[in-house]
Amino acid sequence: MQTELTRLLGIQYPIIQGGMAWVAEHHLAAAVSEAGGLGLIGAANAPADWVREQIREAKKLTDKPFGVNVMLLSPHADEVAKVVAEEGVKVVTTGAGNPEKYMGMWKEAGIRVIPVVASVALAKLMERGGADAVVAEGCESGGHIGETTTIALVPQVADAVNIPVIAAGGIADGRGIAAAFMLGAKGVQMGTCFVVTDEAQVHDNYKQRIIKAKDIDTRVTGRSTGHPIRTLRNEMTKKYLELEEKGASFEELEYLTLGGLKNAVVEGDVKNGSVMAGQIAGMVKEKMSCKALIEKLVKETDALMKGTDFYKL
Ligand code: TUI
């Protein structure tokens, strides 16, 4: 499965594990990289010292490349941006914003910079600013999302830029990966599938909730506040959407989700917490190791890509 992306990053398979807040810590990132994909540590809203520690711990577990996702809405983003350069991280992805102001520092440190984008406009801006690739993330994804679906976004981004495009959102098996390749992507990023792996340090209630989820079980809260977030439906989303319908204030809505992701991931509160997951949660049926998951994905994709000359491009 060699593509422009595997060559760019020095990895075996063009499969990236999303840098999910509270979920993507060093055990998961190292396991994905050891299995031949690219693992990411999700900096999310964590302080810079936590990120530094995570990078050092991941290095103890793997010699292979791994990356850090910098969440640009974080109050610690400036310090985290410096830490990834100081610690010699090979790959940085960014989310929920425009990383322009860090790009020079990261490129100087020899980092491969891969912004996550939800529009053609930001993809073009990132290419001009020196990005090595972009993740085009469709609104099937869990967590903070844009407006456009993966099937519509990926080909439009692939037509607009000359750097490799990585598809994210709605991908859970070899069919999704092969489809992403057909849309012009050179790799994929997956999140929800990795939440239920053995190595993910996630409360079992959260894993079970994903495993039991059906196709219609996700909800998007926060459309009215300009911060749409996709999660699995529960008491929290029910209350939130009712309040949103009534035109509740930003503060009132925020109160409902305060600490909600941590409560779900760490405490296992899947009733009132924020159980972020993508629309493919309904396809995730069993727990397995990262190695087993990646081997399964590669086998399924290879079977579909046989007879094409895709990997020679
Ligand atoms: O970032 C994500 N997904 C996330 S981040 C997150 S944690 C969080 N915490 C507090 C508030 C909000 C989120 C949970 N899930 N995915 C990458 C992504 N980036 N999706 C969409 C975007 C995006 C959206 C608008 C990127 C840029 C953008 O506009 C940039 C600009 O300023 O033009």
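**View 1. Polar contacts and salt bridges between domain 1 and domain 2.** In this predicted model, 4 residue pairs are in polar contact between domain 1 and domain 2, with both residues of each pair at pLDDT 80 or more. Salt bridges between domain 1 and domain 2 number 0. On the side of domain 1 that touches domain 2, 6 residues are nonpolar, 5 are polar and 2 are charged.

**View 2. The two domains of the chain.** Domain 1 covers residues 4–201 together with 285–312, and domain 2 covers residues 214–276. Taken over C-alpha atoms, the centres of domain 1 and domain 2 are 25 Å apart. To the contact, domain 1 gives 13 residues and domain 2 gives 11 residues.

**View 3. The area buried between the domains.** The size of an interface is often stated as the accessible area that is lost when the parts come together. For domain 1 and domain 2, about 960 Å² is buried between them, and 65% of this lies on carbon and sulfur atoms. Within domain 1, the residues that lose the most area to domain 2 are Trp22, Gly143 and Ile145. Together, Trp22, Gly143 and Ile145 make up 49% of what the domain 1 side buries.

**View 4. The residues around the ligand.** The ligand is surrounded by 14 residues. The closest of them are Ala96, Gly97, Val116, Glu137 and His144. Sorted by class, this shell holds 7 nonpolar, 6 polar and 1 charged residues.

View 5. A polar backbone atom of Ala96 is 3.0 Å from a nitrogen atom of the ligand. At His144, a polar backbone atom is 2.9 Å from a nitrogen atom of the ligand. Glu137 takes part through its side chain, where an N or O atom is 3.0 Å from a nitrogen atom of the ligand. Taken alone, the ligand exposes 720 Å², and the protein buries 69% of that area.

Key. Residues numbered from 1 in each chain as written. Predicted model: local features only at pLDDT ≥ 70, side-chain atom pairs only at ≥ 80, totals over all residues. Heavy atoms only, no water. Domains from an automatic or database assignment. Contact = heavy atoms within 4.5 Å. Buried area = accessible area lost by both parts, 1.4 Å probe. Salt bridge = Lys/Arg side-chain N within 4 Å of Asp/Glu carboxyl O. Polar contact = N/O pair within 3.5 Å; in protein donor to acceptor, adjacent residues only side chain to side chain. Nonpolar A, V, L, I, M, F, W, Y, C, P; charged D, E, K, R; others polar. Near = heavy atom within 4 Å. Areas by Shrake-Rupley, 256 points an atom, 1.4 Å probe, with all protein chains shown as cover.
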